[in-house]
Amino acid sequence: MENAFFPYFVLFLTFGWGQGRVVKVPEGPLVRVEGQSVSVRCTVSDYEGPREQDFEWKVKRGDTLLQLISTFDPAYTDRTLQSRVDNSDFTIKRLGDATVELRIQNLRAEDSTVYRCSTPSTDSVISGNYDADVELKVIGDSLKVSAAPPPTVVPEGGPIKLLCNATLDPAHHTYLSIAWSLKKGATSEDVLTFGPNRGVTTGASSRQRYAEGGLRLDLQGSGSYGLVLTEARPADQGTYVCTAKQWVLEKGGVWQQVLERSVEMGEVQVTPTAQSLVVTVDNNRTLSVDDTLNLTCTITADDLTALGLEVTWVVSPALGAGPSGPRVLVHMSQDGVVTGSSEHLGVSRVGTGTFSLVVHGVDRSDSGQYSCRVRAWVRQSSGKWYQAAEKTSNPAHVLVAVIEPELRVTIQDVVTPQSSGDPTELECQVTDVLHLQDGRLGVSWHYTDASPADQPISMRPIATVDEQGNLQPGDEYQERMEKGLVILSRVKPHTFKLRLLHTQDTDMGQYYCMVSAWTQGRDGAWAKNKEVQSDHLRVSWIPKNPTVSVSAQTLREVTSSGSTFEMSCQVKGENLQNPGYSVLIQMEGMDGGKARKILSLSQDSVMKLEEWDELGRLDSVVLEKTGLEEFRFRLYSAQVTDRGSYYCVISAWTPGPENTWAKAASAASNKVQINFADTGPAFNVSIQSETTSVVPGETAKMECIMTALGASRSAGDVSYEVRWYHSGLLSLDRPALMVSMDRWGVVRKSPRNGSSDCSLEQTDTHTFALNIHSVQDGDAGEYHCTATPWRRSSSGAWTSGHDLTSDRVFLSITLAVWDSLKLPLLYGTGASLAVGLLSILLGFVCAQCCCRNSKHTPRTRNGLMDLEMD
């Protein structure tokens, strides 16, 4: 046992007594420059006591430690150091509960010594270390920085050399780094940094450039450091700054900066190539066919020899000489590679910045505006090119004179319209054609409207047929041409026709044609040489507005309910060509109001029910065409609700292209009355309820009673449609339908949320009872019923009467207090009795089993002994 205890005791001494307070400072020596500042951090860990610890700093002077500064005692400082503490040369700043920082400003040579950080003990057991020392070495300021001024103006692509001189006292064993930065206004960006470990660090915008060789170091020795930008860019413009930094290598391989000085080298302006690049072309030229065209492009720029020039000759054809838009003739890259040249066309470099374009055997298609487009490229150190500028010269106008063809153009009407819808045919003839040779003719048709004299005339192009026979319709005529309503044709080599199959009123106006002569150039392209316009030809007629008139008459009158009504509608149209008629039957009630659409018949004889949606009577209305201009309407089994004024609205339609119809005119007929006497009985509806207050869970019963006044009818001649409605206590909407019964006895229930089930039954001929089963609180509110009586006439036809609405009955739900409380009271009393009996039983069992003394000690016979014990 003793052998097993000994290892545990050793471990306890090792680990238990090895832990304690730890005070740490940076591992020295710390090297700093005279006149600068230094911050020394001190931390404590593994301590007991309050979370926030106090610190004391002492400084070694000779062999003595002088009190410097404390976090808790303002009078801690030694009197020889008090003045520097008061001047804030020595300050202490708390960075946390267990961390402080000693800051020394304006370091002096005498500050080179050892500094000790101490922490007063707050531990229950003294263990660990309570102070730590760090050595500070203060060296003299030997950093010197100067810079050579860079060139003030540099052309784009030229080099920029930035020379900076920096020296240190080698006896201090410190290191040097040189950094170049560029200032642009208030912002500054790093270009490149060299050192302190002779490594190179580039800024984000210079990384790729340094990798490609656009930035390189020029180390000349003896403290001379150079940075060369091999190809200047506009982004390199600004003020350059050289910054020298002094470093020391502390223990652990950490570089610590101890001094920094900067000097502005000077401002550099980079002249963009686009600013100095100038491109010019020779003056205008006038040539004859088969002459040689020679144009010279002259280019000037700063440092032109350092640029790679890419030259492109572009021509924009003269108006009417060919397709519009600029066209590239020939191209020479910066490497001298030519593309687009031929035996008739070539480009050559005749000198520095001078390029010549030669076109042999020009023709009419060579007329146009010639421009020289130049792109200036700068070659980078990596061998790549980047585009520095692009400019295009002013155009030189070149005209190739040719003999224009001569021709005469006339227009005449072949078919003249007399009214809207008639065809129109116009003919454009070309005569006296000279000097056309192998040329071709094209034609364009135009229209001008018949505007009043004080209004501007609008011209609309109808269509154009070019020299290839391609058809190009105008925007406003494209749809009509696609449908074949406008046709252009060439009936003879010099004769063109325009046909309008269905002339409209908007087509009245003046028409003219314009014929163009085209000749083919050397490259196969067609050029327009001449264009001749015809006189204006007027197309018009006296328009006649289409009209229709409609009359209605009664063919069969309604004398009683259930009879058939028949009405005839006749229409007469004027100024209509092959019209079709659509008919709409409308009805106005006896009390006026909005007209109701019954049914309609389209111009294609398609019948459609409009607002006639009465169930069981969808086949009671018929509309048919009985003649070219006659229509008949029939209403079977007329009812009381059908009384009113009936009339027909007829619209005339004229046929259009592709089986379409265009509405021409419409009119309404006179009104025909259906007004027969209602000799049947008058009905009334009432409501009654057995009680207006019920208890939840009971059944509420209400009756809707119909009464008939007037002529008596048998029970089989009268039927009712009944509907029950309910309005809740908090309902803001209209009453909700609960249940309904149609005149055939079919019952339909509406879905109800949070309400009881209900039923509807007919107890006798005129009584309909509503039962609400197991009523709830949501069933409270107002109830009423509506009824629609139906009567059967002597002919056997059923007709409906007006809707009847009963009064309202309010149903309230009362709460029986005793009925609602008796069951909870009964259950509570029973549960209390059961718990009490169970408690008594458990107490008795515990007393018998747990508290009883199983050993019996007999009483002694010695009476004196018993008394003494008592």
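1. A contact here means heavy atoms within 4.5 Å. Of the contacts in the chain with a separation of 6 or more, 59% are accounted for by residues 24 or more positions apart.

2. The model is predicted: local features need pLDDT of at least 70, side-chain atom pairs count only at pLDDT 80 or more, and totals for chains, interfaces and linings use all residues. Residues are numbered from 1 along each chain as its sequence is written, and side-chain values use heavy atoms, with hydrogens and water left out.

3. The secondary structure of the chain comes to seven helices and 62 strands. Helices (H or I, at least four residues) and strands (E, at least two) are DSSP runs, numbered from the N terminus. Of the 870 residues of the chain, 39% count as buried. Buried means under 20% relative accessible area, exposed means over 50%, and partly exposed lies in between (1.4 Å probe, protein chains only). The chain exposes about 48200 Å², and carbon and sulfur atoms supply 50% of this area. Accessible areas come from the Shrake-Rupley method with a 1.4 Å probe; for residues, only the protein chains shown count as cover.

4. Two strands pair if DSSP finds at least two bridges between them. Between β10 and β12 (residues 160-167) there are five bridges, in the antiparallel sense. S146 stands opposite N165 in β12.

5. Another open sheet of four strands has the order β20-β22-β27-β26, again with antiparallel pairing. Its edges are β20 (278-281) and β26 (345-351); each has a single partner strand, so one side of each is left without a neighbour in the sheet. The twist averages 20° from one strand to the next. β26 runs antiparallel to β27 (residues 354-359), and six bridges join them. G351 has T354 in β27 as its bridge partner.

6. Strand β23 (residues 307-317) deserves a separate point. Nine of its eleven residues are buried, so β23 is largely enclosed by the rest of the structure. Eleven bridges join β23 to β28 (residues 368-379), and the two run antiparallel. V311 has V374 in β28 as its bridge partner. β23 also pairs with β24 (residues 327-332), in the antiparallel sense over five bridges. On that side, T312 stands opposite H331 in β24.

7. D303, which is not a glycine, has a positive phi of about 50°. D303 lies in the loop between β22 (293-300) and β23, and is partly exposed, with a relative accessible area of 35%. S774 also has a positive phi, near 50°, in a residue other than glycine. The loop between β58 (767-772) and β59 (781-792) holds S774, which is partly exposed at a relative accessible area of 42%.

8. Cis peptide bonds come next. G28 and P29 are joined by a cis peptide bond, with omega about 0°; P29 is in the loop between β1 (22-24) and β2 (30-33). The bond from G195 to P196 is also cis, with omega near 5°. P196 is found in the loop between β14 (187-194) and β15 (200-202).

9. On the surface, L838, L841, L842, F844 and V845 form a nonpolar patch with about 500 Å² of accessible area together. Patches are made of residues with over 30% relative accessible area and no salt bridge; like charges are joined within 9 Å, and nonpolar side chains (Val, Leu, Ile, Met, Phe, Trp, Tyr) within 5 Å. A salt bridge is a side-chain nitrogen of Lys or Arg within 4 Å of a carboxyl oxygen of Asp or Glu. L841 is found in helix α6 (residues 817-849) and is exposed, with a relative accessible area of 51%.

10. Q478 is in helix α5 (residues 478-482) and counts as partly exposed at 35% relative accessibility. Q478 and A463 are 15 residues apart in sequence and 8.4 Å apart in space, C-alpha to C-alpha.

Terms used
Axes fitted to C-alpha atoms, helices over the stretch in contact; angles between N-to-C directions.
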